[in-house]
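Biologist: I have not looked at this structure before. Please take me through the terms used for it and what each one rests on.

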Amino acid sequence: MVPSSPFLRPSAAAMCAMPFSASAKPHLIYLSPVDAIIIVAYFAFVIFIGFYVRKSSKTVSDFFMAGREMTAWIAGLSFISANLGSLELMGWAGSAYQYGLLAVHAYWIGAIPAMLFLGIVMMPFYYISRTHSVPGYLHLRFGNSARAFSAVTFALMTTLMSGINMYSMALVMKVVLGWDLNLSIWLSSIVVAGYVALGGLRSAIYNEILQFVLIWAGALLIPILGMIEVGGWSNLRRQIETNLGRSDYMHMWSGLGHFNQNPMGVHWTGVVFGWGFVLAFGYFTTDFLVIQRALSARSLRAARMAPIIGAGFKMMVPAIVILPGLLALSVLPFHLLPEGAALATGGHSYNEVLPLMLVRYCGPGLIGLGVTALIAGFMAGMAGNVSAFSTVWTEDIYRAFINRGARDGHYVAMGRWCTVVGVLISVGTAYLVQHSASIMDYALQLFSFFMAPLFGTVLLGMLWKRATDAGGFWGLLAGTGTSIGLWVWVERAPSALRYVALSSDAKGMAENMYRALWAWIVCVVVTIVVSLLTTPRPTSQLAGLVFGETEMPAAEHAEWYERPLFWAASIFVIFIALNIIFW
Amino acid sequence: MPGKRTIWFFAGLLLLFYGVVILSAGLWEIRFPPVHPPMLFELHAPIWWGALLAVLGAVFIYRNNGRQQ
């Protein structure tokens, strides 16, 4: 039995003191009328925004690209908000409790270099080519085969990811608030489908700004109060090392020299090349869910600044996600458990760390704001997936292969209906993933299947003139096939992990990183070999698509402090400094 | 046709509303302290956090009160 604690509010303390029984487990938080007002106001507000922007979302450009009129700040905050889904908030807070400071890699090496690379190197090609999507770029660069393959796999992935978001949210609402799983899934679906179908990308982006503000307003108080309670960073570090009897939880790099010297069971090569390079670059530079936000910017400079501004805020997210997980290691008087063990014993799982810390420090009103922050995070991720799905389906599948010559209004109507259908498919997926052992694993598997090889194809497409249409298509196919093949191999014979991750000490997380790395390598090698064996396009057809054949617009008359390169360099210097400080 | 308000205006509106509600809840808690208070209750976080949100919201509204075409 977990000891009851005077440090928890009564609901949580009562739960901790209860005999272990999954069915008898009460929920963590009891909402007061003030909390209910805050949550209801949020739902009302997001629907209102959908209605407010509806009239200005009548053309294809309005509905799918938000009229390409967003400022750098709006595009940048929307970029990062769409990325702050349920996995970001709940998953990595739990991972911080499980793996310590190593979880910060998800936000720093696993994001910052890739986002800066997108802003400085890749965004000009996306923006200048005037593409509406990543499959749209593949169409311009590699032709219809690569576009069709990429559009179908992306549509599949976004609906699966949206389902994950939905299920995660419903699960949290059930554990934290005692809400019925079906109620949460359908309520969130109807609200998201409502505001995205009404106002398209503009509505999604505007709501993402609100969600970004709410996430910080609701979540920042936990680390502030937590640090006051433990007495600062040095005390936190000392207490964790004393509680756990080991020091590797509080270092980011010093334990990565060998698989068995850190709680995550990974090697620095996997973190740097698998996670930091292939997975992160694959996600941030090719996942249309986030790219779409940058493409909605009003100018090339704003589009380049969007991921750079996003990177600046991304670097700060560990304060509201990782720090609460570390604080829990220090102040919670009981141990959190893996999901399966928590279900079996009635204890708390790693994923409950954020709500547990919320209930520890917050009373009525602040609890409502914290729960709203969680709901906002879930809905931002879900809406991001749904709006991206709607664009890719309508523009890259329906318009490209089914109905080419219709008028603008027809495609906007298709986009609205497609939003609703995408949400319904996501609901189906949400019920499917209930049988998945680990939601985080499920998401990383999807990224390694589809994003890692796509990154290889897009990168070669942008930087290598000699890459041919056939090379792009077969490389993408081979990379995706390799990733899925490796996954099947390890599923059937778990001992195969030693070959995939190149060590018998490798653990599950290493599999995702190395699988992504192999998929990328195979994609790049096959693309190069097939390209060298086939005839390249004339260079005249590559203008605006490839490095060396793209004329960059003359530098805008911006002061040095307004230039993307200055901000990217500044953020990169801070990124290096932070890694050294927490080495 | 009148222009639209920017999203920052609405963000301010939401922050102001939440700030006022949370500040009020904090003041209520001083008058009627809860039976099982949360950790660090003596810091009265809802009061200063609610006030901060309300001020931020008011600033956002003031600075983005115009309409854009």
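Biologist: What share of the 69 residues of chain B counts as buried?

Modeller: The model is a predicted one. In it, 35% of the residues of chain B count as buried.

Biologist: How do you know how chain B compares with a compact globule of 69 residues?

Modeller: Such a globule would have a radius of gyration near 11 Å, but chain B has 16 Å. The C-alpha atoms of chain B fill a box of roughly 55 × 15 × 15 Å along the principal axes. Chain B has two helices and two strands, in the order β-α-α-β along the sequence.

Biologist: What makes Ile209(A) a contact of residues in chain B?

Modeller: Two residues are in contact if their C-beta atoms lie within 7 Å. Ile209(A) touches Ile7(B) and Ala11(B), among others. In chain A, the residues touched by Ile209(A) include Ile74(A) and Leu77(A).

Biologist: Which residues touch the most other members of the largest nonpolar core?

Modeller: They are Ala75(A), Val192(A), Ile209(A) and Ala306(A), in a core of 225 residues. Helix α9 of chain A, residues 181-219, gives the largest share of this core, 20 residues.

Biologist: How many residues of chain A are in contact with chain B, and of what kinds?

Modeller: 28 residues of chain A are in contact with 22 residues of chain B. α2(A) gives the most to that side of chain A, six residues. The side divides into 22 nonpolar, three polar and three charged residues.

Conventions:
Residues are numbered from 1 along each chain as its sequence is written. Chains are lettered from A and ligands numbered from 1 in the order in which they are written. This is a predicted model: local features need pLDDT of at least 70, side-chain atom pairs count only at pLDDT 80 or more; totals for chains, interfaces and linings use all residues. A nonpolar core is a set of buried Ala, Val, Leu, Ile, Met, Phe, Trp, Tyr and Cys residues joined through C-beta atoms within 7 Å. A residue is buried if 20 or more other C-beta atoms lie within 10 Å of its own, exposed if 12 or fewer, and partly exposed in between; C-beta atoms are placed from the backbone. Helices (H or I, at least four residues) and strands (E, at least two) are DSSP runs, numbered from the N terminus. Ala, Val, Leu, Ile, Met, Phe, Trp, Tyr, Cys and Pro count as nonpolar, Asp, Glu, Lys and Arg as charged, and the others, Gly among them, as polar. The radius of gyration is taken over C-alpha atoms; the globule rule is 2.2 Å times the number of residues to the power 0.38. Lists of a residue's contacts leave out its neighbours within four places in sequence.
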